[in-house]
Amino acid sequence: METGSPHSTGTTGDEAAGPVWTGLPPGLLRMRRLLLVVWLGLLALALGLLLGLLAGPGWAAFALLPLALMAWGWVLLGRNWRSWRYAERADDLLISRGVLWREETVVPYGRMQLVEVTSGPVERHFGLASVQLHTAAAATDATIPGLDPAEAERLRDRLTELGEARSAGL
């Protein structure tokens, strides 16, 4: 299994020792934390102003609640980011995520029908892209968020190539 930082590529190349895990890049964590600070900071400011003007300065202290939520969210975003990882194996792709409820998705290359790379305006601003895998069963669709665009394209091309090779024998 993985040791070291969450964005390491694993400890060995030996498949028998376990899959070689790759974590998500730190840019995704920076983007999510910035969005948290912006939205909850604006909420705290608006709440403080409204309560201060309408109910009095004592009530403006309730504007500290979004700031406490921001601190809690900061920690949770870090834990969530560290929980995401993926591994390319010989016959399938593994995606693992979750802090309290661990979820591991196994997507066989031969079952992939479509591999998409998407990047919304905020993701593009931070230089990130997501890879979404569509399979024959809608319940097993999987996404790997926050990748470097070059890595997302490499992964898309590799998964598409392996998917075509595996499905040719069906």
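Reader: What share of the chain's 170 residues counts as buried, and what makes a residue buried?

Author: Of the 170 residues, 34% count as buried. Buried means under 20% relative accessible area, exposed means over 50%, and partly exposed is in between, with a 1.4 Å probe and protein chains only. Bear in mind that this is a predicted model, where local features need pLDDT of at least 70, side-chain atom pairs count only at pLDDT 80 or more, and totals for chains, interfaces and linings use all residues. Residues are numbered from 1 along each chain as its sequence is written, and side-chain values use heavy atoms, leaving out hydrogens and water.

Reader: Why is R32 called partly exposed?

Author: Its relative accessible area is 27%. That value falls between the 20% and 50% limits, so R32 is partly exposed.

Reader: Where does R32 sit, and what is it in contact with?

Author: R32 is in helix 1; helices (H or I, at least four residues) and strands (E, at least two) are DSSP runs, numbered from the N terminus. Leaving aside neighbours within four places in sequence, R32 is in contact, meaning heavy atoms within 4.5 Å, with L77, N80 and P145. R32 and L77 are 45 residues apart in sequence, yet 7.3 Å apart C-alpha to C-alpha.
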